[in-house]
Amino acid sequence: MTEIQAPTHCPSCNSSLEWSNHLLYCRNSDCDSQSAKKLEHFAKTLKIKGLGPASINKLGLTSLEEIYTLDLDTLCEKLSSDKLGQKLFEEIEKSKLVALETLLPAFSIPLIGKTAAEVMFKYLDKNKTYIPNENIVLQSTLHIRESSQQIV
Ligand SMILES: [Zn+2]
């Protein structure tokens, strides 16, 4: 039987890989593969149709902020289609209206998935308008930490 050797470096950015709970992780925050996956996850969570791996590549996107700096002309030009550009432009505009419970899990923050986001927003007044800031995330994270300690 041949023993399979685990890789020691990231195949994408060549950084040293780190073991954590029997899984290998690339901890380089500038890793291209990770950026692309974060973008895909963001687009999928916000249901931005037409922003899959191929479009992300064609548009040369490397960060989430860049999605919202694209204008209609750039989209049409880079996708080589006025029809696709127009459609994606509308999808991106539509994504600006999603609920905070949907938006938060889209950022790929460890441990902040759909359930955690729902717990966080349960404590907010639905009739108030909130602007996300570090305090809300921090307080909600502390609450989740307290709740999970109670479970343990
Ligand atoms: Zn990497």
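Biologist: Against which helices do the buried residues of H5 pack?

Modeller: In this predicted model, the buried residues of H5 pack against helix H2 (53-59) and helix H4 (72-78).

Biologist: Which residues of H5 are called buried, and what makes a residue buried?

Modeller: A residue is buried if 20 or more other C-beta atoms lie within 10 Å of its own. In H5, the residues that count as buried are Gly 85, Leu 88 and Ser 95.

Biologist: How do you know that the buried residues are on the same side of H5?

Modeller: Gly 85, Leu 88 and Ser 95 are the buried residues of H5. They cover an arc of only 85° around the axis, and therefore they lie on the same side of H5. On the other side of H5, Lys 83 and Glu 93 are exposed.

Biologist: Why is the span of H5 said to be close to the expected one?

Modeller: Helix H5 covers residues 82-95, which is 14 residues. The expected span is 1.5 Å times one less than the number of residues, and for H5 that expectation is 20 Å. From its first C-alpha to its last, H5 reaches 20 Å, close to the expected value.

Biologist: What makes the phi of Asn 14 worth a remark?

Modeller: Asn 14 has a positive phi of about 70° although it is not a glycine. Most residues other than glycine have a negative phi. Asn 14 is located in the segment before strand S1 (17-20).

Biologist: Where is Leu 111 found, and why does Leu 111 count as exposed?

Modeller: Leu 111 sits in the loop between helix H6 (100-103) and helix H7 (114-122). Leu 111 has 10 C-beta neighbours inside 10 Å and therefore counts as exposed. Leu 111, although not a glycine, also has a positive phi of about 70°.

Biologist: How many helices and strands does the chain have, and what share of its residues is buried?

Modeller: The chain has eight helices and two strands. Of its 152 residues, 12% count as buried.

Biologist: Where is confidence lowest in the chain, and where is it highest?

Modeller: Confidence is lowest in helix H8 (residues 134-151), with a mean of 51, and highest in H4, at 97. The mean pLDDT of the chain is 85, and 82% of the residues reach 70 or more.

How values were computed: Residues are numbered from 1 along each chain as its sequence is written. This is a predicted model: local features need pLDDT of at least 70, side-chain atom pairs count only at pLDDT 80 or more; totals for chains, interfaces and linings use all residues. Helices (H or I, at least four residues) and strands (E, at least two) are DSSP runs, numbered from the N terminus. The arc is that of the directions from the helix axis to the C-beta atoms. Two residues are in contact if their C-beta atoms, placed from the backbone, lie within 7 Å. pLDDT is the predictor's confidence in each residue, from 0 to 100.
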